Amino acid sequence: MRRRSALKLLGSAAGAGMFAATVSADDSLPREETKRFYTHQEVQDFLDDLDRRARRPFELEEIGESLEGRELTVARVGSGDTDVFFTAEQHGDEPTGTNAILAELRELATSGSPFARTVTEALTVHVLPMHNPDGAMRNQRTNAGGTDPNRQHDYEVGSSDNPSPETQAMIDYVVPLEPLWVADLHTQSGMYHDENENPGDMYHSSNFWPIADEADPEAIELSQRLNVSMWDQAEGKANAQLSVYPGGTGTNIARNAYGARGFGSILNEMTGQTGDRGERMEGQMVRIMRNENRAILEETADGTLLERDPDRVEEIPDRPGFGEAGDWPWDATTE
Ligand SMILES: [Zn+2]
């Protein structure tokens, strides 16, 4: 925390004009008009509050800023030797991961639960809860420059020409960290997009592992273990289903990029974009996504992840295809 306070002081001395412009622009941005999803400032306030209340090792670090000058803050909790990294809301219209991972951060930092103790003793959990704050404030996929942050992960550390400074900040933080794995939280359009139409039994998430030719074989195996862990968590539980996300092979996508760098890597796509669902559905989505994230944290912390059979990813069904029976009603893959 000390580090970030110093940065903030420097920032306010050097960039007071930018800060004022950002604040007044926020007044008219779409994210300000909903209570269900965090604004960038609310994320910052949440993290500062945790920093005051944490009963475990907890640090905040500003790792960069967005195109419009919003802080990109990583929270670290725990004292374990093994580092794991979560990013959420690369796409600003996919805020469920931010809600889910902030709730987990609070538990890890402040709860006396066995889960929180086990995880924070074995691991150091690094979280970038709002990867694309300019997009988030507009409830839009891209950053303020119209760039998809999840197509810019193949830049080298220290690159100055990445059209997503948000993603470059993550690369510059994560690559030297050499985490055991990287988890990337998204949402996808899905079966039900109106709360009133939702029969209550189809909260569908889709996950995936790296498949790029460049991905490291051991990293792929670890990533498949993470997927199997989530599969066993979700399978057979009320209201939750899991399928394999039909994602591509590009190394510019986070899932492939960090696999190619030798880290475990998992994409987690919960169903429902910002406009798709009501409050009750959102609560279920956050609950299911939390359970999936907790499964990989707990199994990494207690070592059972490494006993997982990676070949069991074959048990996970494919996501229903566009136009097929039991249809997935959208064509796009929006990872
Ligand atoms: Zn996405």
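**Close-up views of a predicted chain**

View 1. Residues are numbered from 1 along each chain as its sequence is written. Glu89 lies in the loop between strand 3 and helix 4; helices (H or I, at least four residues) and strands (E, at least two) are DSSP runs numbered from the N terminus. The phi of Glu89 is positive, near 60 degrees, although the residue is not a glycine. Most residues other than glycine have a negative phi.

**View 2. The whole chain.** Ten helices and eight strands make up the list of elements in the chain. Of its 335 residues, 50% count as buried. Among contacts between residues at least 6 apart in sequence, 75% join residues at least 24 apart; two residues are in contact if their C-beta atoms, placed from the backbone, lie within 7 Å.

View 3. Six of the seven residues of strand 2 (residues 71–77) are buried. Strand 2 pairs with strand 1 (residues 58–65) in the antiparallel sense over seven bridges; pairing requires that DSSP finds at least two bridges between the strands. Five residues separate strand 1 and strand 2 in a hairpin, and Gly69 in the turn has a positive phi of about 90 degrees. Strand 2 also pairs with strand 4 (residues 123–128), again in the antiparallel sense, over three bridges. Which residues are the bridge partners of Val77? Phe58 is one of them, and Val125 in strand 4 is another.

**View 4. Strand 8 beside strand 5.** All eight residues of strand 8 (residues 264–271) are buried. Gly264, Ile266, Asn268 and Met270 cover one side, and Ser265, Leu267, Glu269 and Thr271 the other; both faces are covered. Strand 5 (residues 181–188) runs parallel to strand 8 and is joined to it by eight bridges. Gln188 stands opposite Thr271 in this pair.

**View 5. The largest nonpolar core.** This core has 73 residues, of which Ile101, Leu105, Val119, Val125, Val127, Trp181 and Val182 touch the most other members. Helix 10 (residues 279–302) supplies the largest share, nine residues. A nonpolar core is a set of buried Ala, Val, Leu, Ile, Met, Phe, Trp, Tyr and Cys residues joined through C-beta atoms within 7 Å. Leaving aside neighbours within four places in sequence, Leu105 is in contact with Leu50, Ala75, Val77 and Val127.

**View 6. Glu104 in helix 4.** Glu104 is placed in helix 4 (residues 96–110). Glu104 counts as buried because 23 C-beta neighbours lie inside 10 Å. Beyond its neighbours within four places in sequence, Glu104 is in contact with Arg290, Asn293 and Arg294. Between Glu104 and Asn291 there are 187 residues of sequence separation and 9.6 Å of space, C-alpha to C-alpha.

**View 7. Helix 7 and the residue that follows.** The 13 residues of helix 7 (residues 165–177) should span 18 Å at 1.5 Å a residue, which agrees with end C-alpha atoms 18 Å apart; the expected span is 1.5 Å times one less than the number of residues. Buried residues in helix 7 include Pro165, Met170, Ile171, Tyr173 and Val174. Among the elements that cover the buried residues of helix 7 are strand 1, strand 2, strand 3 (82–88), strand 4, strand 5 and helix 9 (254–260). Glu178 follows helix 7 and has a positive phi, near 50 degrees.

**View 8. Helix 8.** Of the 18 residues of helix 8 (residues 217–234), 14 are buried, so the helix is largely enclosed by the rest of the structure. The end C-alpha atoms of helix 8 are 26 Å apart, in agreement with the 26 Å that its 18 residues should span at 1.5 Å a residue.

**View 9. Asn139.** The loop between helix 6 (133–137) and helix 7 holds Asn139. Asn139 is buried, with 20 other C-beta atoms within 10 Å. Its phi is positive, about 50 degrees, although Asn139 is not a glycine.

Key. Predicted model: local features only at pLDDT ≥ 70, side-chain atom pairs only at ≥ 80, totals over all residues. Buried ≥ 20, exposed ≤ 12 C-beta atoms within 10 Å, placed from the backbone.
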